[in-house]
Amino acid sequence: FRTLTPGAASFEGRRLPIEEFAFQLGMRPGAVEARQFRLVAANSQIETSGTMKDFVSPALDLKVKAGFDVASLASVDGLKDVAGRLEANAAATGKLDQLLVSGQISGRNLGFQRIRGISLDLGARYERARPRVLVESLTVGYAGGSVSARAELGLAEGTESWLAASIARLD
(Lines give C-alpha, C1' and ligand atoms only; values in the text may rest on other atoms or scores of the structure.)
Protein backbone atom coordinates (compact mmCIF):
# COMPACT_ATOMS: atom_id res chain seq x y z
CA PHE A 1 0.00 0.00 0.00
CA ARG A 2 1.31 3.46 -0.92
CA THR A 3 -0.37 6.84 -1.00
CA LEU A 4 -0.51 8.40 -4.45
CA THR A 5 -0.98 12.00 -3.32
CA PRO A 6 -0.05 13.92 -0.18
CA GLY A 7 -2.65 14.33 2.56
CA ALA A 8 -2.95 15.31 6.18
CA ALA A 9 -3.83 13.94 9.60
CA SER A 10 -5.68 16.03 12.18
CA PHE A 11 -6.05 15.63 15.92
CA GLU A 12 -7.46 18.12 18.43
CA GLY A 13 -7.19 21.00 16.00
CA ARG A 14 -3.62 20.21 14.97
CA ARG A 15 -2.90 19.36 11.34
CA LEU A 16 0.08 17.31 10.19
CA PRO A 17 0.74 17.34 6.45
CA ILE A 18 1.62 13.82 5.25
CA GLU A 19 3.78 13.58 2.16
CA GLU A 20 3.96 9.78 1.94
CA PHE A 21 2.58 6.75 3.74
CA ALA A 22 3.45 3.24 2.64
CA PHE A 23 3.43 -0.23 4.11
CA GLN A 24 3.90 -3.78 2.92
CA LEU A 25 3.01 -6.75 5.10
CA GLY A 26 3.63 -10.44 4.53
CA MET A 27 2.24 -13.45 6.36
CA ARG A 28 3.44 -17.00 6.52
CA PRO A 29 2.59 -19.81 8.93
CA GLY A 30 3.49 -18.65 12.44
CA ALA A 31 4.85 -15.25 11.45
CA VAL A 32 3.99 -11.80 10.19
CA GLU A 33 6.55 -9.68 8.40
CA ALA A 34 6.51 -5.91 8.04
CA ARG A 35 8.60 -5.59 4.92
CA GLN A 36 8.14 -1.85 4.91
CA PHE A 37 6.42 0.84 6.92
CA ARG A 38 7.27 4.37 5.85
CA LEU A 39 5.79 7.70 6.93
CA VAL A 40 7.07 11.03 5.61
CA ALA A 41 5.57 14.14 7.20
CA ALA A 42 6.73 17.62 8.20
CA ASN A 43 10.19 17.13 6.62
CA SER A 44 10.61 14.03 8.80
CA GLN A 45 10.44 10.30 8.14
CA ILE A 46 10.06 7.01 9.98
CA GLU A 47 10.89 3.65 8.42
CA THR A 48 10.28 0.32 10.11
CA SER A 49 10.78 -3.29 9.10
CA GLY A 50 10.82 -6.57 10.93
CA THR A 51 9.12 -9.82 11.85
CA MET A 52 7.08 -11.31 14.64
CA LYS A 53 7.27 -15.09 14.94
CA ASP A 54 5.45 -17.64 17.07
CA PHE A 55 2.12 -16.11 18.03
CA VAL A 56 1.88 -18.27 21.19
CA SER A 57 5.19 -17.00 22.59
CA PRO A 58 5.94 -14.02 20.33
CA ALA A 59 9.48 -13.13 19.29
CA LEU A 60 10.34 -9.84 17.61
CA ASP A 61 13.04 -8.75 15.24
CA LEU A 62 12.21 -5.12 14.52
CA LYS A 63 14.27 -2.21 13.23
CA VAL A 64 13.33 1.48 13.16
CA LYS A 65 15.13 4.35 11.44
CA ALA A 66 13.88 7.93 11.78
CA GLY A 67 14.86 11.47 10.99
CA PHE A 68 13.02 14.45 12.46
CA ASP A 69 13.07 18.10 11.47
CA VAL A 70 12.48 19.55 14.93
CA ALA A 71 11.23 22.95 13.75
CA SER A 72 8.69 21.47 11.32
CA LEU A 73 7.30 19.05 13.90
CA ALA A 74 7.19 21.68 16.64
CA SER A 75 5.25 24.05 14.40
CA VAL A 76 2.44 21.47 14.21
CA ASP A 77 1.92 22.09 17.93
CA GLY A 78 2.39 25.85 17.59
CA LEU A 79 5.90 25.95 19.10
CA LYS A 80 8.25 28.55 17.66
CA ASP A 81 11.94 29.30 17.91
CA VAL A 82 12.84 25.59 17.80
CA ALA A 83 15.60 24.28 15.51
CA GLY A 84 17.64 21.26 14.56
CA ARG A 85 17.50 17.73 13.30
CA LEU A 86 17.25 14.46 15.22
CA GLU A 87 18.24 11.08 13.77
CA ALA A 88 17.34 7.81 15.49
CA ASN A 89 17.99 4.11 14.98
CA ALA A 90 16.48 1.42 17.16
CA ALA A 91 16.06 -2.34 17.25
CA ALA A 92 13.89 -4.67 19.31
CA THR A 93 14.81 -8.35 19.38
CA GLY A 94 13.86 -11.47 21.26
CA LYS A 95 10.88 -13.08 22.91
CA LEU A 96 8.68 -10.63 24.78
CA ASP A 97 9.81 -11.81 28.24
CA GLN A 98 13.47 -11.49 27.15
CA LEU A 99 13.08 -8.43 24.92
CA LEU A 100 16.14 -6.29 24.23
CA VAL A 101 15.58 -2.80 22.83
CA SER A 102 18.59 -0.75 21.81
CA GLY A 103 18.91 2.56 20.10
CA GLN A 104 20.91 5.61 19.22
CA ILE A 105 19.74 9.20 18.88
CA SER A 106 21.82 12.04 17.51
CA GLY A 107 20.86 15.67 17.22
CA ARG A 108 22.59 18.47 15.39
CA ASN A 109 22.09 22.22 15.46
CA LEU A 110 19.36 21.87 18.08
CA GLY A 111 18.01 24.99 19.63
CA PHE A 112 15.21 26.61 21.57
CA GLN A 113 14.67 30.35 21.64
CA ARG A 114 18.10 31.98 22.18
CA ILE A 115 19.95 28.74 22.90
CA ARG A 116 21.40 27.43 19.62
CA GLY A 117 24.01 25.00 18.31
CA ILE A 118 23.31 22.14 20.70
CA SER A 119 24.44 18.64 19.77
CA LEU A 120 23.13 15.42 21.28
CA ASP A 121 24.40 11.84 21.11
CA LEU A 122 22.66 9.09 23.06
CA GLY A 123 23.11 5.33 23.06
CA ALA A 124 20.84 3.29 25.30
CA ARG A 125 19.25 -0.12 25.74
CA TYR A 126 16.40 -1.72 27.68
CA GLU A 127 16.65 -5.29 28.95
CA ARG A 128 13.38 -6.96 29.87
CA ALA A 129 15.09 -9.96 31.52
CA ARG A 130 16.85 -7.63 33.97
CA PRO A 131 14.34 -4.81 33.99
CA ARG A 132 16.66 -1.90 33.48
CA VAL A 133 17.53 0.92 31.14
CA LEU A 134 21.22 1.34 30.48
CA VAL A 135 22.37 4.68 29.09
CA GLU A 136 25.62 3.57 27.51
CA SER A 137 26.59 7.07 26.42
CA LEU A 138 25.05 10.51 26.54
CA THR A 139 26.79 13.65 25.34
CA VAL A 140 25.20 17.08 25.11
CA GLY A 141 27.44 19.71 23.63
CA TYR A 142 27.31 23.39 22.75
CA ALA A 143 29.79 26.16 22.01
CA GLY A 144 30.43 26.75 25.73
CA GLY A 145 31.12 23.15 26.76
CA SER A 146 29.67 19.69 27.07
CA VAL A 147 28.18 17.23 29.50
CA SER A 148 28.79 13.48 29.18
CA ALA A 149 27.08 10.76 31.16
CA ARG A 150 26.44 7.07 31.60
CA ALA A 151 23.68 5.66 33.75
CA GLU A 152 21.69 2.62 34.74
CA LEU A 153 18.10 2.84 35.87
CA GLY A 154 16.86 -0.26 37.67
CA LEU A 155 13.17 -0.75 37.01
CA ALA A 156 12.44 -3.57 39.45
CA GLU A 157 11.87 -3.05 43.15
CA GLY A 158 15.12 -3.32 45.09
CA THR A 159 17.40 -2.78 42.10
CA GLU A 160 20.08 -0.13 42.13
CA SER A 161 20.42 2.82 39.81
CA TRP A 162 23.49 4.93 39.19
CA LEU A 163 24.71 7.94 37.22
CA ALA A 164 28.24 8.97 36.26
CA ALA A 165 28.63 12.36 34.59
CA SER A 166 31.38 14.76 33.62
CA ILE A 167 31.30 18.38 32.60
CA ALA A 168 33.86 19.88 30.22
CA ARG A 169 34.08 23.67 30.10
CA LEU A 170 31.08 25.72 31.08
CA ASP A 171 31.24 29.15 29.53
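Both Arg132 and Glu152 are buried, where buried means under 20% relative accessible area, exposed means over 50%, and partly exposed lies in between (1.4 Å probe, protein chains only). The model shown here is predicted, so local features need pLDDT of at least 70 and side-chain atom pairs count only at pLDDT 80 or more, while totals for chains, interfaces and linings use all residues. Residues are numbered from 1 along each chain as its sequence is written, and side-chain values use heavy atoms, with hydrogens and water left out.

Arg132 and Glu152 form a salt bridge, and their closest N and O atoms are 2.9 Å apart. The term salt bridge denotes a side-chain nitrogen of Lys or Arg within 4 Å of a carboxyl oxygen of Asp or Glu. Side chains of opposite charge can pair when their charged atoms come close. Arg132 belongs to strand β9 (residues 132-142) and Glu152 to strand β10 (residues 145-154), so that the pair links distant parts of the chain, 20 residues apart. Strands are DSSP runs of type E with at least two residues, and helices are runs of type H or I with at least four residues; both are numbered from the N terminus. Arg132 and Glu152 also take part in a network of salt bridges that links them with Arg125, Glu127, Arg130 and Glu136.

A search of the whole structure finds 16 salt bridges. One of them joins Glu20 to Arg2, with the closest N and O atoms 2.5 Å apart. Glu20 lies in strand β2 (residues 14-28), whereas Arg2 lies in the segment before β1 (7-11), so the pair ties together parts that are 18 residues apart in sequence. Glu20 is buried, at 18% relative accessibility, and Arg2 is partly exposed, at 45%. Another salt bridge connects Glu33 with Arg35, where the closest N and O atoms are 3.6 Å apart. Glu33 is partly exposed at 24% relative accessibility, and Arg35 is partly exposed at 42%.

The strands named so far belong to a sheet. In this open sheet, 11 strands follow the order β1-β2-β3-β4-β5-β6-β7-β8-β9-β10-β11, with antiparallel pairing. Two strands are said to pair if DSSP finds at least two bridges between them. At the edges stand β1 and β11 (162-170), each with a single partner strand, so one side of each is left without a neighbour in the sheet. From one strand to the next, the twist averages 15 degrees; the axes behind this value are lines fitted to C-alpha atoms, for helices over the stretch in contact, and angles run from 0 to 180 degrees between N-to-C directions.

The pairing can be followed from strand to strand. Strand β5 (residues 59-69) and strand β6 (residues 82-95) run antiparallel and are joined by 11 bridges; Leu62 stands opposite Ala92 in β6. Ala92 has a bridge partner in β7 as well, namely Val101. Between β6 and strand β7 (residues 100-112), which run antiparallel, there are 11 bridges, and these two strands form a hairpin with four residues between them. Asn89 has Gln104 as its bridge partner in β7, and Gln104 in turn stands opposite Gly123 in β8. Strands β7 and β8 run antiparallel and are joined by 10 bridges. They form a hairpin with two residues between them, and Gln113 in the turn has a positive phi of about 55 degrees. Strand β8 (residues 115-127) pairs with β9 in the antiparallel sense over nine bridges, and Asp121 has Thr139 as its bridge partner in β9.

Which residues is Thr48 in contact with, leaving aside its neighbours within four places in sequence? They are Ala34, Gln36, Phe37, Leu62, Lys63 and Val64, where contact means heavy atoms within 4.5 Å. Thr48 is found in strand β4 (residues 44-53) and counts as buried, at 17% relative accessibility.

Val140, Tyr142, Val147, Ile167 and Leu170 make a nonpolar surface patch of about 430 Å². Patches are made of residues with over 30% relative accessible area and no salt bridge; like charges are joined within 9 Å, and nonpolar side chains (Val, Leu, Ile, Met, Phe, Trp, Tyr) within 5 Å. Accessible areas come from the Shrake-Rupley method with a 1.4 Å probe, and for residues only the protein chains shown count as cover. The elements β9 and β11 give two or more residues to the nonpolar patch. Val147 lies in strand β10 and is partly exposed, at 34% relative accessibility.
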